[in-house]
Amino acid sequence: MIHLVYQIVNKGSWRALSFILAILLTLCFFFNIHQFATNLRTANPIWVLLIIWSTVILWIHGMGFEIKSLIWKIIFFPIVGYIVSAIALFNNFLI
């Protein structure tokens, strides 16, 4: 099941989306766009770890690393990265 879902997002356009989202989240961390880091200080630490983990997932997926093992596909599942990064970017730029 995980192989089938992983193959859906293992295409070039999804990898490009991962790369763009990873760049955006990294720029938000490093350049503190709209007080991104200040907002994270008051956030739940688990939420901050999820944002960092989704950035890692998106970098790995966006750079095109080919994951062979099932356990690593589960740990670095790109859809989790998309959902968390979309929520984080939405909270940062629109609220």
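Q: Which element gives the largest share of the nonpolar patch?
A: The model is predicted: local features need pLDDT of at least 70, side-chain atom pairs count only at pLDDT 80 or more, and totals for chains, interfaces and linings use all residues. Residues are numbered from 1 along each chain as its sequence is written, and side-chain values use heavy atoms, with hydrogens and water left out. Helices (H or I, at least four residues) and strands (E, at least two) are DSSP runs numbered from the N terminus. The largest share of the patch, 5 residues, comes from α2.

Q: What accessible area do the residues of this nonpolar patch have together?
A: Patches are made of residues with over 30% relative accessible area and no salt bridge, nonpolar side chains (Val, Leu, Ile, Met, Phe, Trp, Tyr) being joined within 5 Å and like charges within 9 Å. Areas come from the Shrake-Rupley method with a 1.4 Å probe, and for residues only the protein chains shown count as cover. Phe19, Ile23, Leu27, Phe30, Phe31, Met63 and Phe65 form the patch on the surface. Their accessible area together is about 740 Å².

Q: What does leucine 27 count as by its relative accessibility?
A: Leucine 27 is found in helix α2. Buried means under 20% relative accessible area, exposed over 50%, and partly exposed in between (1.4 Å probe, protein chains only). Leucine 27 has 33% relative accessibility, so it counts as partly exposed.

Q: Why is the ring pair of tryptophan 14 and tyrosine 82 classed as it is?
A: Rings of Phe, Tyr and Trp (its six-membered ring) pair if their centres lie within 6.5 Å; planes under 30 degrees apart count as stacked, over 60 as edge-to-face and the rest as tilted. A search of the whole structure finds 4 aromatic pairs. In this one the centres are 5.4 Å apart and the planes at 40°, so the pair is tilted.

Q: Which helices hold phenylalanine 19 and tryptophan 59?
A: The rings of phenylalanine 19 and tryptophan 59 have centres 5.5 Å apart and planes at 85°, so the pair is edge-to-face. The pair links distant parts of the chain, 40 residues apart. Phenylalanine 19 is in helix α2, and tryptophan 59 is in helix α4.

Q: What is the N to O distance between the side chains of arginine 15 and glutamate 66?
A: A salt bridge is a side-chain nitrogen of Lys or Arg within 4 Å of a carboxyl oxygen of Asp or Glu, and the structure holds 1. Arginine 15 lies in helix α2, and glutamate 66 in the loop between α4 and α5 (70-75), 51 residues apart. The N to O distance in this salt bridge is 4.0 Å.

Q: Is arginine 15 buried or exposed?
A: The relative accessibility of arginine 15 is 12%. Arginine 15 therefore counts as buried.
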